[in-house]
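Good morning, and thank you for coming.

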Amino acid sequence: MMSTTAPVTEPLRSRFRPPAWLRHSLVLARRSLAKSARNPGPIVNGVVTPALFLVLFLFLFEGSVAGSTADYVQYLFPGILVMGAGLAGMVSTGTSLTIDLTKGVTDRFRSLPISRLAPLLGSVLADLVRYLLAVALLFGIGMLLGFRSHGGLTAALAAAALAVGFGFCLSWVTVFVGVLARNADTVLAVSFISFLPLQLGTSLAAPVETLPPWLRAWAGVNPVTHVMDACRALLNGTPVGGAVTATLLWCAALFLVFCPLAVYAYSRRE
């Protein structure tokens with residue numbers, strides 16, 4: 001008697017199998033995370049640095065900005081959240097790519113039958129995991145210091161998504177720098193120099209209206225200010241105005257400009 005059972009498992013698995021470039025990118029993302037597990041310095045830096053700024057600013061400026069610690073942590077924490085999401089991958093992505101390029105690891109990738117985009121995309125996908133970890137840890141630290149989301153769970157998730165999304169788009173700048181740089185020290189120097197005006201020349205510690213005119217002008221055009229204002233409004237349950245729209249536009253601009261540049265520079269580098 002002949003069996004009538006159809007072999008449905010394998011065809012269905014093949015039908016829903018992700019494309020090769022995505023599977024290759026996920027494998028390399030897992031490799032990047034394994035490296036972070038052995039050397040967690042960049043992740044620790046992405047959490048510890050914003051946490052130190054949170055504690056330091058909270059007790060330095062509470063009286064002059066908000067009048068009390070409880071009120072000031074509600075203002076300060078959303079900015080620290082954005083700082084943490086950006087910082088978590090700002091350094092690790094660029095330095096990892098540069099090290100792979102200079103030590104010949106990338107040449108071995110190119111000899112394999114994998115997508116040319118996979119090494120770059122895998123590194124950035126690993127960053128997404130780092131951002132989520134950094135954001136979760138910072139929420140825990142903020143709540144221990146008295147922060148509460150008055151906008152509700154949905155608004156808190158939206159704020160976290162904005163911070164992570166902006167960090168993801170900003171990381172393509174670091175990827176571009178990492179591909180162009182000849183050593184990891186250059187990437188670290190560029191990242192540190194750009195970190196100060198980009199993260200601190202904002203509404204992080206005090207409202208933009210209270211800043212000196214020259215710093216107010218920079219903060220007004222700084223994309224990080226829009227992200228911080230959007231997250232602050234969402235987490236505190238106040239009107240967001242145009243901050244969310246400005247954030248999404250900046251995310252799209254960063255991604256559309258620096259992702260193609262990074263891929264082009266990577267394909268041209270021998």
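Thr102 lies in helix α5, which covers residues 92-102; helices here are DSSP runs of H or I with at least four residues, strands are runs of E with at least two, and both are numbered from the N terminus. This is a predicted model, in which local features need pLDDT of at least 70, side-chain atom pairs count only at pLDDT 80 or more, and totals for chains, interfaces and linings use all residues. Residues are numbered from 1 along each chain as its sequence is written, and side-chain values use heavy atoms, with hydrogens and water left out.

Which residues does Thr102 touch, leaving aside neighbours within four places in sequence? Thr102 is in contact (heavy atoms within 4.5 Å) with Arg182 and Arg269. The C-alpha atom of Thr102 is also 9.1 Å from that of Ala184, although 82 residues separate the two along the chain.

Let me turn to the whole chain. There are 12 helices and zero strands. Of the 270 residues, 46% are buried. Among contacts with a separation of 6 or more, 81% join residues 24 or more positions apart.

Finally, consider helix α7, residues 118-144. Its 27 residues should span 39 Å at 1.5 Å a residue, and this agrees with the 39 Å between its end C-alpha atoms; the expected span is 1.5 Å times one less than the number of residues. After α7 comes Gly146, with a positive phi near 110°.

Technical notes. Buried means under 20% relative accessible area, exposed over 50%, partly exposed in between (1.4 Å probe, protein chains only).
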